[in-house]
Amino acid sequence: MIRIALVEQLGGEPVIRLRPTPQPGPEQVLVRMRAAALNFADLLKAKGEYQERQDPPFAPGLEGAGEVIWAPENSGLRPGDRVAVLAPGTLAEQVAVPPGACTPIPDLMDFDQAAGFQIAYGTSHLALSARAALQPREVLAVLGAAGGVGLTAVEIGRAMGARVIGVARGRDRLDVVRKAGADHVIDSADCPDLRAALRDLGGVDVIYDAVGDSAGEAAFRALNPGGRFLAIGFAGGRPPLLPLNHALVKNIAIHGFYWGGYARLDPAAVSDSMKNLFRMFQDGQLAPVLGQVMPLERAAEAFDLLRSRKSVGKIVVTL
């Protein structure tokens, strides 16, 4: 038997249950999970509001990390290999997944770091490079800069040579954003006019918006001609209402970016991106920031922390 977190009804909190140990099929890998990361998508799935709806009961978690227990001979994996796992249901002590869902992790990367690496860093890397075509010396503003994806956008933007403005709430969170590489920070709790604050810093070439709502609308109006707006998520509660007449007059490009969908749109680009990211980690360019690390029995508390938007960095559940 294994322990597993389950969402048993939409809108409910995850509960811990005992379930039979999964039996892998002939083309599956059995992984002993050591850690799993939470993403905002897990909250939406638990409420039945995610774009890829899943009926309960189901195990939350879209990514994690652990050790291979068993693998098919032709999979390229062996028992004992340390891997990052990208598959639904990672909040379980063991999972059976296709070999393609497993990526070997660098020796220097621990399981807690690897658990939340793929989606957040993958999102920021491909959004900034493939969609926004961020260039050295351009100005990048990151909304929600202290969150799980926001911090990765700050790090990657800095590594790409941009001047980075991090927007987050509270002095402690802004200190973390500075350490991640932001050149300037703006406290959203003490900024009555975000548009003016960004314009005072010279305007913005690329907006990375993980918040939406009025913050996204204000930042959009600070974009320079030829700017690019990346719609990453709507942690603020609703999508921003963007004035398309501004986009027309100022030649602004608006890009929606959903990493899971991009993996189907261009799987080769996602694979190349992940190789680059692991290389950047090994070279010391990336330093994943862990927010709260909690054991599986505190999964409901971890969800509450994610829902409150008070965490800094990734929320990780150990297994």
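Let me begin with what I mean by a pocket: on a 1 Å grid over the protein atoms alone, a pocket is an open set of points with protein on both sides within 12 Å along at least five of seven lines, whereas a cavity is a set of points where a 1.4 Å probe fits but cannot get out, and lining residues have an atom within 4 Å of a point. Volumes are the space filled by probe spheres set on the points, with grid points joined across faces, edges and corners.

This is a predicted model, in which local features need pLDDT of at least 70 and side-chain atom pairs count only at pLDDT 80 or more, while totals for chains, interfaces and linings use all residues. Residues are numbered from 1 along each chain as its sequence is written, and side-chain values use heavy atoms, leaving out hydrogens and water.

The second largest pocket, with a volume of about 170 Å³, is lined by G11, G12, E13, F40, L43, L44, A46, K47, A235, R307 and R309. Helix α1 (residues 40-47) gives the most to that lining, with five residues; helices here are DSSP runs of H or I with at least four residues, strands are runs of E with at least two, and both are numbered from the N terminus.

Of its 15 lining residues, Y121, T152, P288, V289 and K314 lie nearest the centre. The elements giving two or more residues to this lining are α2 (111-115), α3 and α4, and α4 has the largest share, with four residues.

Let me turn to the sheet, which is open and has six strands in the order β10-β9-β8-β11-β12-β13, with parallel pairing; two strands pair if DSSP finds at least two bridges between them. Because β10 and β13 (253-256) stand at the edges with a single partner strand each, one side of each is left without a neighbour in the sheet. Neighbouring strands are turned by 15° against each other on average, direction ignored, where axes are lines fitted to C-alpha atoms, for helices over the stretch in contact, and angles run from 0 to 180 degrees between N-to-C directions. Four bridges join β9 to β10, and V167 has I186 in β10 as its bridge partner.

Helix α3 (residues 118-131) packs on this sheet, touching β8 (139-143), β11 (204-209), β12 (223-231) and β13, and its direction makes about 145° with that of β11; contact means heavy atoms within 4.5 Å. Helix α7 (residues 213-220) lies across β8, β11, β12 and β13, running at about 155° to β12.

What is buried in helix α5? In α5 (residues 171-179), R173, L174 and V177 are buried, buried meaning under 20% relative accessible area, exposed over 50% and partly exposed in between, with a 1.4 Å probe and protein chains only. They cover an arc of only 100° around the axis, which puts them on the same side of α5, the arc being that of the directions from the helix axis to the C-beta atoms. The face turned away from that side carries the exposed residues R171, D172 and K179, while the buried residues pack against α4 (148-159), β9 (163-168) and β10 (184-187).

Finally, some backbone details. Most residues other than glycine have a negative phi, and most peptide bonds are trans. A133 has a positive phi of about 50°, and R137 has a phi near 75°. A133 is partly exposed, with a relative accessible area of 36%, whereas R137 is exposed, at 73%. The peptide bond from P56 to P57 is cis, with omega near 0°.
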